[in-house]
Amino acid sequence: MRKQTTLFGALAVTATLAFLPMTSAVAEEVRVPVGTQADRDQASFPGSGMSQSSVRASWGAPMEIQGPVGQPPITEWHYQNFVVYFEGDRVIHTVLKHNR
């Protein structure tokens with residue numbers, strides 16, 4: 001009886017292994033160099049919730065204004081080092097431009 005149990009166990013393991021995928025898991029390492037990052041100090045660019053008048057008072061007139069577009073109205077103010085996105089009169093996001 002012991003030989004039958006051992007044989008049955010060996011067959012069960014072999015059958016299980018036969019149904020496993022025959023692919024190998026290989027991961028390729030991808031390295032992305034981090035470029036020169038702009039200064040992310042909160043004082044150096046407008047923060048969320050600021051009004052258009054306070055942004056203009058702190059950073060001056062933008063080089064370019066785009067919008068408003070869509071509903072709710074989104075406006076972009078382009079400065080030399082960043083772009084400020086407004087929803088209505090309030091900053092919703094500031095994006096720093098890539099240093100080249």
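Q: Over how many bridges do β2 and β3 pair?
A: This is a predicted model: local features need pLDDT of at least 70, side-chain atom pairs count only at pLDDT 80 or more, and totals for chains, interfaces and linings use all residues. Helices (H or I, at least four residues) and strands (E, at least two) are DSSP runs, numbered from the N terminus, and two strands pair if DSSP finds at least two bridges between them. β2 and β3 pair in the antiparallel sense, and their bridges number five.

Q: How many bridges join β3 to β4?
A: V83 stands opposite V95 in β4, and Y85 has H93 as its bridge partner. β3 and β4 run antiparallel, and the bridges joining them number six.

Q: Which residue takes a positive phi in the hairpin of β3 and β4?
A: This hairpin has two residues between its strands. The phi in question is near 65°, and it belongs to G88.

Q: What are the edge strands of the sheet?
A: The sheet is open and has four strands in the order β1-β2-β3-β4, with antiparallel pairing. From one strand to the next, the twist averages 15°. An edge strand pairs on one side only, and here that applies to β1 (64-69) and β4.

Q: At about what angle to β2 does helix α2 run?
A: The protein has two helices and four strands, in the pattern α-α-β-β-β-β along the sequence. Axes are lines fitted to C-alpha atoms, for helices over the stretch in contact, and angles run from 0 to 180 degrees between N-to-C directions. Helix α2 (residues 52-59) lies across β1, β2 (74-78), β3 and β4. Its angle to β2 is about 5°.

Q: Why does T94 count as buried?
A: Buried means under 20% relative accessible area, exposed over 50%, and partly exposed in between (1.4 Å probe, protein chains only). T94 lies in strand β4. T94 is buried because its relative accessible area is 9%.

Q: The side chain of T94 reaches the backbone oxygen of which residue?
A: Contact means heavy atoms within 4.5 Å. Not counting residues up to four places away in sequence, T94 touches F45, P46, F82, V83 and V84. At 2.8 Å, the side chain of T94 reaches the backbone oxygen of P46.

Q: What percentage of the residues in the protein are buried?
A: Among contacts between residues at least 6 apart in sequence, 30% join residues at least 24 apart. The protein has 100 residues, and the buried part makes up 17%.

Conventions. Residues numbered from 1 in each chain as written. Heavy atoms only, no water. Polar contact = N/O pair within 3.5 Å; in protein donor to acceptor, adjacent residues only side chain to side chain.
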